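Student: I have a model open and would like to go through it with you, a piece at a time. Could we begin with a single loop residue and then work outwards?

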Amino acid sequence: MSHIRIENLSKMYLGRRSKPRSLHDPAEQSGDNVLVLDDVNIVIEEGEMVCILGPSGCGKSTLLRIVAGFEFPSSGAVFVGNQPVRGPSAQSIFVFQHSGLFPWMTVAQNVGLGLRHVKAEEAKQRIQDHIEMVELDGFEDYYPHQLSGGMQRRVELARALALNPELLIMDEPFSGLDFLTHMKMREEVVNMHEFIRKTMVMVTHDIDDALIMGDRIVVFSGRPATVKLVHKLDFPRPRDFERNPELSRLRSEIFLMLGVPYAV
Ligand SMILES: Nc1ncnc2c1ncn2[C@@H]1O[C@H](COP(=O)(O)OP(=O)(O)OP(=O)(O)O)[C@@H](O)[C@H]1O
Ligand SMILES: [Mg+2]
């Protein structure tokens, strides 16, 4: 069971000077305290793919880190499958916004990082399958510093997918990928999601990624992030903006919402 409930979640990063008495007291937001998330409520169904959009610095990564258990809310709570999140869990896998590869491990060792509990033969197969999936066969014995930024991203994705997690949390997983690889990985992730139907939460800056991949999108306001729009995407797949005027209209609406006056 891996539906997610984010309930009345607020997060304030505390500065050096003071502890807040109340999150909404303006005096507490001056000084070094920063209110990042303000009363966020989202329910993510089991097996759903939710894409989160919002301006840079609004608090998207902070929200994901709280869902993954790496950080704690100032108020409110997150439940994964009815259990409150109290710390990182092997069932929830997080793909970080910036590379989280271990530099002293090869590609194959990085991809196999979480597979120690799996029988050696099966682990070997899973590592190989996922390296092939991200088209890095031949690079198994390379170290991260010998790869391009885009290749490192693909190793990270392979590592996350190889674990077959209940909940996959992805923070801009395609950043740093070239256009063609981005398109391919997007398709791979959509196909994989259709197949395994695991719960996925993805933050992206790419409005098209969100509209093409998501079962639902959530748009945040600028900091402190509040939920500005939640929209279910019932469009058939594969999704195509040209053939689907309603999808195109929604795209323009979100561009406007994010402060861009026209859809580019
Ligand atoms: N550990 C921290 N301590 C203090 N402030 C922090 C910390 N982490 C993030 N912040 C602040 O919280 C705000 C939100 O940061 P966050 O990384 O969540 O934004 P984001 O929406 O993911 O932005 P981007 O789209 O650029 O990745 C920023 O103002 C940032 O400076
Ligand atoms: Mg971020």
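Student: Does Leu101 count as buried or exposed?

Tutor: Bear in mind that this is a predicted model. In it, Leu101 has a relative accessibility of 11%, and because the cut-off for buried is under 20%, Leu101 counts as buried.

Student: Where does Leu101 lie, and what does Leu101 touch?

Tutor: Leu101 lies in the loop between strand S6 (92–95) and helix H3 (107–111). Leaving aside residues up to four places away in sequence, Leu101 touches Asn110, Pro144, Gln152, Val155, Glu156 and Arg159.

Student: Changing topic to aromatics, how many aromatic pairs are there?

Tutor: The count comes to three aromatic pairs. In one of them, the ring centres of Phe102 and Trp104 are 5.1 Å apart and the planes lie at 50°, so that pair is tilted. In another, Phe139 and Tyr142 have ring centres 4.8 Å apart and planes at 65°, so this pair is edge-to-face.

Student: And how accessible are Phe102 and Trp104, what are their relative areas?

Tutor: Phe102 is partly exposed, with a relative accessible area of 29%, whereas Trp104 is exposed, at 57%. In the other pair, Phe139 is partly exposed at 25%, and Tyr142 is also partly exposed, at 34%.

Student: Which charged ends sit over a ring?

Tutor: Among them is Arg5, whose charged end sits over the ring of Phe79 at 4.4 Å from the ring centre. The charged end of Arg251 likewise sits over the ring of Phe241, 5.0 Å from its centre.

Student: Arg251 is in H8, I think; which residues of H8 are buried?

Tutor: The buried residues in H8 are Leu247, Leu250, Arg251, Ile254 and Phe255. They cover an arc of only 140° around the axis, which puts them on the same side of H8. On the other side of the helix, Pro245 and Leu256 are exposed.

Student: Why would residues spaced like that point the same way?

Tutor: An α-helix has 3.6 residues a turn, so residues three or four places apart point the same way.

Student: What do the buried residues of H8 pack against?

Tutor: They pack against strand S3 (49–53), helix H7 (207–213), strand S9 (216–220) and strand S10 (227–232).

Student: And what about the span of H8, what should it be?

Tutor: H8 has 13 residues, 245–257, and at 1.5 Å a residue they should span 18 Å, which agrees with end C-alpha atoms that are 18 Å apart. Just after H8, Gly259 takes a positive phi of about 90°.

Student: Back to S9, then: how many of its residues are buried?

Tutor: Five of the five residues of S9 are buried, so the strand is largely enclosed by the rest of the structure. Arg216, Val218 and Phe220 point one way from S9, while Ile217 and Val219 point the other way.

Student: How does S9 pair with S3 and with S10?

Tutor: S3 and S9 pair in the parallel sense over four bridges, and Leu53 stands opposite Val219 in S9. S9 and S10 run antiparallel and are joined by five bridges, with Leu229 in S10 as the bridge partner of Val219. These two strands, S9 and S10, form a hairpin with six residues between them.

Student: Last one: how many residues of helix H2 are buried?

Tutor: Eight of the nine residues of H2 (residues 60–68) are buried, so that helix is largely enclosed by the rest of the structure. The buried residues include Lys60, Leu63, Leu64 and Ile66, and H2 is followed by Gly69, whose phi is positive, near 90°.

Conventions. Residues numbered from 1 in each chain as written. Chains lettered and ligands numbered in written order. Predicted model: local features only at pLDDT ≥ 70, side-chain atom pairs only at ≥ 80, totals over all residues. Heavy atoms only, no water. Expected span 1.5 Å × (residues − 1). Buried < 20%, exposed > 50% of the residue type's maximum accessible area, 1.4 Å probe, protein only. Arc of directions from axis to C-beta. Contact = heavy atoms within 4.5 Å. Phe/Tyr/Trp six-rings, centres within 6.5 Å; stacked < 30°, edge-to-face > 60°. Lys NZ or Arg CZ within 6 Å of the ring centre and 35° of its normal. Pairing = 2+ DSSP bridges.
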